[in-house]
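Student: I have a new model open and would like to learn how to read it. Could you walk me through it, feature by feature?

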Amino acid sequence: MIGPTIEPSEVGLTGLVWLFFSYGYVLYQASNLISEGSELLLLVPSLAGLVGGVVLPLLGAVPDGAIILFSGLGDYETAQETLSVGVGALAGSTIMLLTVPFGLSIYGGRVDLDATTGVPNYFGKPKLTPKDSLKERLHGSGVTVTQAVSHSGIIMMLTTIPYFVIQVPALFMHGSTKSVGAGEHWWSFVGLLVCITGLVFYMRLQLRISKEGEDQGKRIATVKKLLKEGQISLSGAVAAKLREEEAHLAGADATEYQSLKNRDSRYPSPAIAKYLKEILADAFHMYDKNGNGELDVYECFVFFRDFNENIQEDEMKSLFARYDTDNSGFISLDEFIGLAYAIIKSQDTGHTDMDGHHVRRPSYTAGTTIARNALDDNADDAEEEEMPEEFTHLTPDEQQAAIKRKAFIMLALGTFLVMLFSDPMVDVMQEIANRAHLSSFYVSFCLAPLASNASELISSMYYASKKTRKTITVSLSTLCGAASLNNTFCLSIFFFLIYFRGLAWQYSAETLSIVVVELIMGFMVQQKTLTLANGLFIMAIFPLSLVLVATMEHFGFD
């Protein structure tokens, strides 16, 4: 056994429960480390495309993949028995991600639907109003399904093809386990090739999407999340991105370059202005206490101090006067973006004292609750809490270096813990199944996702709760993408075990349940809107899929 050497069969009931929750907690924390480490790397422009397109989705499937791998190790008879744990983990993970967090994301991200068009109204204030009747509550609110989510659903349905490669021949094979395994030998090899090919094409597609900036919504949502949590300053979050964009513009063609030369030097290029506006617009309106669409000098000063920018009051007054062109004492959002750009650039350049020595950036925590609420669409009164000062006192370049260092440590530690505790977790779930006189499939179907997918559930609900078109797209498309990774990366591990170990694929009912759920969800996300009623139906699919498997096995379909 790899990892802790406590034998589950030698402990009592309370000991077995303790082992499950202990191992599960470690795997949950490991999944969080992998997820948060990957998110941090999205702040590094040179790595963002690779991380967003390849690393983030692939590492998200590592916990499930590890459980599947270790379920097929050991002697032949043991491996064939515990392989059901891996199948349960695969089915439970895939179906759970597509049902429970999907439905909860619809519930948490729903807004009022227009009474005439039925289109979600993301500009209403408030976005969700009380409903008088049950019908209105079920059908009068929902979320929009963007093209990105619809495309993710189509890709997910296409990645179910490998299941048919192994399942169709398996329907016609009978006899002992070893004879069935021998008959499926070359079919599993074909399935392995199909999975690897599908994984490569999926990764290339995600990499292209990421490099072309089509996943900009995810990156901006990540920046806002980390700013809200106080893990990084504003300049540390965006300075590197601004440098990259300006370097790209410097190499633009003559016409575009000339237009840039002719623009007002106080303001960023349109592309940079748009990027900053997407990050800061919500916060700008939160700090606009009188609601006139403008900020005064004190509001601006509090804003940037709250976001851990090292700026003194006299510096703010000087900069503010530069952008308050009409001397009204207020600046608009567009003028504010210019002000933010100037401050970020000055922080990026660095500060030196009179002797030319670098001055450390002090960290400010005075108004941090306002800063957190400004990036939270559902903010209410919150308890005061100081922001972490791990990165915020550093210069932007130092923050970037610290981010990369911390991210790689988190990824390495998370992956190490997953590999260390997946094997004993498989043994614990097998022992639970033995003592409960249940199929290990049902046990791992229900319990494995609690450890390996809890972080995805929390993350999807966090993004959905922002109640914007972009954040609900991030939430739903990520869940569909996770299912696609299970269909390629995780399933390829199964085919590897079946081919090289001669194990038998005897999971017709389980396979059908996965495929049916994915096809249902794939077709559902082709709609333009998903209502609360749709969300409740989607959540009900999870227990219904178990009923489907039990019914099919009862009638001998396996």
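Predicted model: local features only at pLDDT ≥ 70, side-chain atom pairs only at ≥ 80, totals over all residues.

Student: At what angle do the axes of H7 and H21 cross?

Tutor: The axes of helix H7 (residues 161-170) and helix H21 (residues 469-501) cross at roughly 25° and come within 10 Å. Angles under 35 degrees count as roughly parallel, so H7 is roughly parallel to H21.

Student: And what does the chain contain overall?

Tutor: The protein chain has 23 helices and three strands. Of its 558 residues, 54% count as buried. The chain exposes about 24300 Å², and carbon and sulfur atoms supply 62% of that area. For contacts with a separation of 6 or more, residues 24 or more positions apart account for 78%.

Student: In what order do the three strands of the sheet lie?

Tutor: The sheet is open, its order is E1-E2-E3, and the pairing is antiparallel.

Student: How many bridges join E1 to E2?

Tutor: Two bridges join E1 to strand E2 (residues 141-144), and these strands run antiparallel. To find one by eye, look at Asp 112, whose bridge partner in E2 is Ser 141. Then look for helix H23 (residues 532-554), which lies across E2 and E3 and runs at about 75° to E3.

Student: Is helix H3 mostly covered or mostly uncovered?

Tutor: H3 (residues 62-71) is mostly covered, with nine of its 10 residues buried. Among the buried residues of H3 are Val 62, Ile 67, Ile 68 and Phe 70, and Asp 64 is on that list too.

Student: Now the cysteines. How many disulfides does a search of the whole structure find?

Tutor: First, the general idea: a disulfide is a covalent bond between the sulfur atoms of two cysteines. In this structure, the search finds zero disulfides.

Student: Which cysteine is buried, and which is partly exposed?

Tutor: Cys 490 is buried, with a relative accessible area of 0%. Cys 446, with a relative accessible area of 34%, is partly exposed.

Notes
Residues numbered from 1 in each chain as written. Heavy atoms only, no water. Buried < 20%, exposed > 50% of the residue type's maximum accessible area, 1.4 Å probe, protein only. Helix = DSSP H or I, 4+ residues; strand = E, 2+ residues; numbered from the N terminus. Disulfide = S-S within 2.5 Å. Contact = heavy atoms within 4.5 Å. Areas by Shrake-Rupley, 256 points an atom, 1.4 Å probe, with all protein chains shown as cover. Pairing = 2+ DSSP bridges. Axes fitted to C-alpha atoms, helices over the stretch in contact; angles between N-to-C directions. Parallel < 35°, antiparallel > 145°, perpendicular 65-115°, else oblique.
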